[in-house]
Amino acid sequence: MSVPWSRRRFLRAAACLGAAAALPAPLRPKAARPDAAPPGERVYFTPLADYRELPADCYADTLIRPGEIILHWDGNRNGRELWKAAVTYETLAYLRQSAHFAVDDRRGLQMLPLYRGLAQESYGAKGYNWIALNVELAGRDFDQPEFAPAESQVRLTVRLVSQLMDFYDIPFAKVVGHYERDDRGLKRDPGLAFMARFREQLAAYRATLSPLKRQLLPDG
Ligand SMILES: [Zn+2]
């Protein structure tokens, strides 16, 4: 979640009025825009029961070619018992915001349409949505010991991110935290120490995948 919803609604309203050219332009190279070819069949990285699509006004109607994965915390300030992907979903829907995935300690939700080589453009990381898959972890302030995420939540996220890397051919160096992709310097999520540890776990997990297993993942 990167932009206060009131501002984003203003921007969208402005775009509807034909003022889009006056908005600050993200670094969106034309070559990165997919052509108008049909996107093909949808792909799912969660069980179908955990596919829960956000309302259409929560995301852009454009498709992107994913080249990065940006991790977030969802900033939930309620108790840990409410650090749930379903709450992440409801919050995004309420704020008219979006990310591709929400992960809690039990499961991940896929919240936007994905295709081979393409993804629906989310509003998860201002300035980078043209290239990024956004993954929200339920919770906040992960670097504070009392808010450290559950091991199962981290494990589920590692596995999801690894699958996305293989499916979209995204290199390890392009798995980043939101604070590394915030040109305004306002974002801290999902924490420096968290990302350092996450990278270690992601590298260790990927080292355990044999060449055969990796062939069995989507798109090998
Ligand atoms: Zn974020």
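The model is predicted, with local features needing pLDDT of at least 70 and side-chain atom pairs counting only at pLDDT 80 or more, while totals for chains, interfaces and linings use all residues. Residues are numbered from 1 along each chain as its sequence is written.

Colour by secondary structure next. The protein chain has 5 helices and 9 strands, taken as DSSP runs (helices H or I, at least four residues; strands E, at least two) numbered from the N terminus.

Now select helix H3 (residues 151-168) and helix H4 (residues 192-208). Their axes, lines fitted to C-alpha atoms over the stretch in contact, lie 10 Å apart at an angle of about 60°. H3 is therefore oblique to H4; angles between N-to-C directions run from 0 to 180 degrees, and oblique is what remains after under 35 (roughly parallel), over 145 (roughly antiparallel) and 65 to 115 (roughly perpendicular).

Show the side chains where these helices meet. Val154, Val158, Val161 and Ser162 in H3 face Phe198, Gln201, Leu202, Tyr205 and Arg206 in H4 as contacts.

Stay on Val161 and leave out residues up to four places away in sequence: Val161 touches Ile69, Val135, Val175 and Leu202.

What share of the 220 residues of the protein chain counts as buried? The figure is 36%, with buried meaning that 20 or more other C-beta atoms, placed from the backbone, lie within 10 Å of the residue's own.

How values were computed. Two residues are in contact if their C-beta atoms, placed from the backbone, lie within 7 Å. A residue is buried if 20 or more other C-beta atoms lie within 10 Å of its own, exposed if 12 or fewer, and partly exposed in between; C-beta atoms are placed from the backbone.
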